Amino acid sequence: MPGDSALTEVRLDIWLDVSCLFKTRSEAQRACKGGKVDVNGQSGKAHRTVRMGDQIVISRESGRRQSVVVLGLAEKSIPRADARLLYEDRTPPTPPEEVAIRRADRVFRAAQMAAGPPDKRQRRAIKKLRGY
């Protein structure tokens, strides 16, 4: 098991960063401050300590909730492959319909960006559709 075996608890924001669930510690702190992280059913503040066996639920941007259980602790950065061993991801798999909708949305947005910004006639049509 990666990490320091002598550790019994670690700050939540540090653990979220080291376990690669967030890119940076400041991003993890913002998520905690914004109420996006719950530890054992309670709101997770950045300074809260995490122990092995704790269940962490993270609300992601797309409305999905990622659920993980802490299996190991570490305070300092470790390789990403080892960081994934610090937790067990218990998030249910994404339904195929939702995956297809996200993929179609990405393709649609890419096509819009390739076409460039709308011209005056297209802007008027968009406003008319939206009811402005």
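Is Trp 15 buried or exposed? Trp 15 is buried, with a relative accessible area of 0%; here buried means under 20% relative accessible area and exposed over 50%, with partly exposed in between, using a 1.4 Å probe and protein chains only.

Before going on, a word on the model. This is a predicted model, in which local features need pLDDT of at least 70 and side-chain atom pairs count only at pLDDT 80 or more, while totals for chains, interfaces and linings use all residues. Residues are numbered from 1 along each chain as its sequence is written, and side-chain values use heavy atoms, with hydrogens and water left out.

Back to the tryptophan. Trp 15 lies in helix α1; helices (H or I, at least four residues) and strands (E, at least two) are DSSP runs, numbered from the N terminus. Leaving aside neighbours within four places in sequence, Trp 15 has contacts that include Val 10, Leu 21, Ile 56, Val 70 and Tyr 87, where contact means heavy atoms within 4.5 Å. Ala 28 is 13 residues away along the chain, and its C-alpha atom is separated from that of Trp 15 by 9.1 Å.

Ala 28 takes us to helix α2. The buried residues of α2, residues 25-33, are Ala 28, Ala 31 and Cys 32. Seen down the helix axis, they fall within an arc of 100 degrees, so they line one face of α2; the arc is that of the directions from the axis to the C-beta atoms. These buried residues pack against α1 (12-18) and β2 (37-39). On the face turned away from the buried side, α2 carries the exposed residues Arg 30 and Lys 33. After α2 comes Gly 35, with a positive phi near 80 degrees.

Next, the sheet. It is open, with 5 strands in the order β3-β2-β5-β6-β7 and antiparallel pairing; two strands pair if DSSP finds at least two bridges between them. At the edges are β3 (42-43) and β7 (87-89), each pairing on one side only. Strands β5 (55-59) and β6 (65-70) pair over 5 bridges, and Val 57 stands opposite Ser 67 in β6.

What does the lining of the largest pocket have, by class? It has 4 nonpolar, 3 polar and 1 charged residues; Ala, Val, Leu, Ile, Met, Phe, Trp, Tyr, Cys and Pro count as nonpolar, Asp, Glu, Lys and Arg as charged, and the others, Gly among them, as polar. A pocket is an open set of points on a 1 Å grid over the protein atoms alone, where a 1.4 Å probe fits, with protein on both sides within 12 Å along at least five of seven lines; lining residues have an atom within 4 Å of a point. The largest share of that lining, 3 residues, comes from α5.
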